[in-house]
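I opened a new notebook page for this structure.

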Amino acid sequence: MIFDTHAHYDDDKFDDDREKVLTGLKDHGVGTVVNVGADLKTSENSLYLAQKYPFIYAAIGVHPSDIACLDEDTFPWLKKHVHDPKVVAVGEIGLDYYWEKDDGVRRLQRAWFERQFSLAYEENMPVIIHSREAAQDTYDILKSLHAEDIPVVIHCFSYSEEMAERFLDMGCYLGIGGVVTFNNAKKLKEVAKNMPIDKLLLETDCPYLAPEPNRGKRNDSTHINYVVDEIAALRGMDREEVIDITEKNARRFYSIG
Ligand code: NI
């Protein structure tokens with residue numbers, strides 16, 4: 001069954017029908033979901049969802065745009081909760097230079113990225129990376145912290161084929177979602193077509209980034225079916241084969257048996 005490796009069901013866009021959406025996923029072939037935190041509140045909400053639904057797992061971490069919530073008083077919360085039984089990864093963490101132009105704040109982003117990555121490294125846990133317009137700095141930090149030793153995914157991969165190769169050479173997985181169905185996503189289609197299939201993780205990033213033909217609408221894990229169709233067409237594979245292999249990849253990545 002489909003494994004959605006990156007979702008945000010705690011988002012308020014699901015407040016009216018969360019229960020209905022989540023309990024309906026299996027009927028659309030979606031078997032497992034990792035709900036990903038972006039700050040301390042949404043990390044806590046991810047934990048709550050993971051405790052409530054057997055097929056949901058949690059990632060906890062602070063997104064580069066939300067690092068203002070981190071300090072010496074709040075960081076211990078992450079250190080403590082990485083040990084919760086349904087927490088399977090640290091994330092999403094990383095760098096976002098698209099939204100942040102200030103050098104001082106970018107420096108802080110790098111510091112908290114390194115600190116959170118090191119927490120995952122010490123605990124031998126997988127890491128979900130958010131990286132936007134910061135390819136080189138992301139690469140350099142991952143290289144210097146020995147990312148090759150633990151499972152790392154570059155979520156919503158948006159860089160060049162050359163960058164894809166460099167991250168793959170370091171052992172990283174690439175997360176691919178709705179964007180690959182967009183007509184103008186030429187680079188990403190090439191990456192999805194040519195990368196080693198055993199490093200490909202399917203993701204929605206829902207409620208964001210709905211694939212064609214639902215672009216611009218609220219996304220949910222059932223729409224991964226369009227992403228599966230696109231990848232199957234690009235690679236000349238059966239859709240069942242794509243679902244099977246990417247589910248195995250996700251289970252290996254998160255160590256979910
Ligand atoms: Ni996300």
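Before naming elements, I note how they are set: helices (H or I, at least four residues) and strands (E, at least two) are DSSP runs, numbered from the N terminus. I am working on a predicted model, where local features need pLDDT of at least 70, side-chain atom pairs count only at pLDDT 80 or more, and totals for chains, interfaces and linings use all residues. Residues are numbered from 1 along each chain as its sequence is written, and side-chain values use heavy atoms, with hydrogens and water left out.

**Entry: the pocket**

I looked up the pocket with a grid of 1 Å over the protein atoms alone; a pocket is an open set of points where a 1.4 Å probe fits, with protein on both sides within 12 Å along at least five of seven lines, and lining residues have an atom within 4 Å of a point. The largest pocket has a volume of about 790 Å³, a volume being the space filled by probe spheres set on the points. I found 30 residues in its lining. Nearest the centre lie His-130, Arg-132, Cys-156, Asp-205 and Leu-209. β4 (87-96), β5 (127-132) and α7 (186-194) each give the lining at least two residues.

What is the make-up of the lining in nonpolar, polar and charged residues? I read eleven nonpolar, ten polar and nine charged. Here Ala, Val, Leu, Ile, Met, Phe, Trp, Tyr, Cys and Pro count as nonpolar, Asp, Glu, Lys and Arg as charged, and the others, Gly among them, as polar.

**Entry: the cores**

Next I checked the nonpolar cores, sets of buried Ala, Val, Leu, Ile, Met, Phe, Trp, Tyr and Cys residues joined through side-chain atoms within 4.5 Å. Buried means under 20% relative accessible area, exposed over 50%, partly exposed in between (1.4 Å probe, protein chains only). The largest core has 75 residues, and Phe-117, Leu-142 and Val-152 are among those with the most contacts inside it. Another core, of 15 residues, lies apart from it and includes Val-34, Val-88, Ala-250 and Tyr-254.

I found Asn-249 in helix α9 (residues 239-254). Is Asn-249 buried or exposed? Asn-249 counts as buried because its relative accessibility is 1%. Its side chain reaches the backbone oxygen of Leu-200 at 2.9 Å. Contact means heavy atoms within 4.5 Å.

Val-180 sits in the loop between β7 (173-176) and α7. Val-180 has 0% relative accessibility, so it counts as buried. Setting aside neighbours within four places, its contacts include Leu-188, Ala-192, Val-227 and Leu-234. I also noted Glu-212, 32 residues away along the chain, with the two C-alpha atoms separated by 9.1 Å.

Which peptide bond at Pro-207 is cis? The bond joining Cys-206 and Pro-207 is, with omega about 15°. The bond from Glu-212 to Pro-213 is also cis, with omega near 5°.

Asp-205 is not a glycine, yet has a positive phi of about 60°. Asp-205 counts as buried because its relative accessibility is 10%. Glu-133 also has a positive phi, about 50°, and I placed it in the loop between β5 and α5 (135-144).

Notes: A polar contact is a pair of N or O atoms within 3.5 Å; within protein, one must be able to donate a hydrogen and the other to accept it, and residues adjacent in sequence count only if both atoms are side-chain atoms.
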